[in-house]
Amino acid sequence: MWRDALLVAGKDLRVEARSRVTTNQVVPYALLVLLLFGFAFDQDRPVLAAVGPGLFWVAVLLCCLLAVQRSFSLESSDGARDGLRLSGLDGGGVFLGKAAAIAVQLVVLEAVLAFGVVVLFGTHLADPLLLVSTCVLATAGLAAAGTVYGVMSAGLRVRETLLPLLLLPVVAPVLLGATQAWLAAAGVVAGSGWRWLSLLAAFAAIYLTLGVLAFGTLLEDV
Amino acid sequence: MEPVIRFRSAVALVGPFPVLAGVDLDVYPSEIVLLEGANGAGKTSILRACAGLLRVVAGEARVLGRDLVADPRSVRRRVGLLGHSTALYDDLTVADNLDFAVRASGGERSGVAPAMARLGLTGRLPASRVASLSAGQRRRVALAVLVARDPELWLLDEPHAGLDADNRDLLDALVTDAVGRGRTVLLASHERHRAHALAGRIVTVAGGATDPSVPDRRVRDAGGPLGFGPRSDAPGPEPGVSHVA
């Protein structure tokens, strides 16, 4: 399974490196979203700084949708999905590989977006350990859930509209937990942000387990 | 001798519709069998069922000794399917695509370079993105994947489509070479002249089933025009299942 995961992740990342869709389209899109948030709240700079963490994670969610759709559109072109099935790769390995490739892209996006909220919104980010831990767990959860729902919608003609409808409600706990942890790290809310990490860890564990167990069947049946 | 493919009253569904509605088919080792029939007759569905991509829900379906009704995935690494689509990634280079396809199916990377050379994928082509290739070149890359994997059972769906005359000759040579190495080939093609010259036996498909009203035709015996045909020690199909004209 791990060998298959590395193979699939390497393939997906190589596709992204050659097509440059993430760097040339998704990253500018993410920054544009931040800018538009900035325009909407521009007249109230303190509010912008305070809501920066929430806006950051909303932008990450939107980019996650793009990354997941892109990941599965690769497999739907010219019979690539049949090629993947015919290769006999382990379903859990394919899931972990695709989720890992999405996670790598999200980490790059989060680094750019974090820089953006600090520069554009004036959000003060402290407690780097909490910030990084939140990013790791939230990214794992988003990538895992995105991969599960991505394969479910991949074979359908309405996948572009169905995926957000399926995925966004499901990842609401990630948005809540990650935003609260970052608000605590930014000093906007009182209390420890660490308690939210258990929610993020549980979410990631559930969807990673579900994906490893069910992805092979989902790849077959959809 | 155990057949490589043994279907009895095999039924497969796509949604509620039966795309295979009672297929009886035996294919023996080192045979080249041609599926003939009109568009929509079920030739592609038979090939996909043999590859374990289309689930057989009733009847008997065994490929390379594996029961596809129980577990269609079990046979996949041992078969190769060249279908209408090429299953290539546009943004990867030719070499990357071959490398991934061969490694993913558990094959050896050492087979990639000779396969590319055999298919004329040399010079700048290995480093070219697949998106930049012509349809014929893409077809050759898909064929190179099959050659590099060298599976026990070759399933070819309209293999001559998109290829020029020289590459059609090359394809025919690759198929006869594969059979010479003990591989088995099941193909569907509307290129009657070429396919008839290649095949050792022809099976007619109609309405999602092998047509019992049309007897199978043995085009030639072992040592036919291309030097390969059904092995002389291969038993004939069972009475009532298929007939040799």
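1. Start at the end of α5(A): this helix is followed by A:Gly122, whose phi is positive, near 70°. Helices here are DSSP runs of H or I with at least four residues, strands are runs of E with at least two, and both are numbered from the N terminus. A quick word on the source: this is a predicted model, where local features need pLDDT of at least 70 and side-chain atom pairs pLDDT 80 or more, while totals for chains, interfaces and linings use all residues. Residues are numbered from 1 along each chain as its sequence is written, with chains lettered from A and ligands numbered from 1 in the order in which they are written.

2. The length of α5(A) (residues 91-121) checks out: its 31 residues should span 45 Å at 1.5 Å a residue, and the end C-alpha atoms are 42 Å apart, which agrees. The expected span is 1.5 Å times one less than the number of residues.

3. Next, a helix pair in chain A. The axes of α3(A) (residues 45-76) and α6(A) (residues 128-154) come within 9 Å and cross at roughly 45°; axes are lines fitted to C-alpha atoms, for helices over the stretch in contact, and angles run from 0 to 180 degrees between N-to-C directions. The two helices are therefore oblique to each other (under 35 degrees is roughly parallel, over 145 roughly antiparallel, 65 to 115 roughly perpendicular, the rest oblique).

4. Who touches whom there? On the α3(A) side, the residues include A:Cys64, A:Val68 and A:Phe72, and they meet a set in α6(A) that includes A:Leu142, A:Gly146 and A:Val151. Contact means C-beta atoms, placed from the backbone, within 7 Å. By class, this contact has six nonpolar, five polar and one charged residues (nonpolar: Ala, Val, Leu, Ile, Met, Phe, Trp, Tyr, Cys and Pro; charged: Asp, Glu, Lys and Arg; polar: the others, Gly among them).

5. Over in chain B, four strands make an open sheet with antiparallel pairing, in the order β2-β1-β4-β5. β2(B) (17-27) and β5(B) (66-67) stand at the edges with a single partner strand each, so one side of each has no neighbour in the sheet. Pairing needs at least two DSSP bridges; β1(B) (residues 5-14) and β4(B) (residues 56-63) have six, in the antiparallel sense. B:Arg6 has B:Arg62 in β4(B) as its bridge partner. Helix α1(B) (residues 43-50) packs on the sheet, touching β1, β2 and β4 of chain B.

6. Last, the interface: chain A puts in 18 residues and chain B 23. α1(A) gives the largest share of the chain A side, six residues.

Notes. Two residues are in contact if their C-beta atoms, placed from the backbone, lie within 7 Å.
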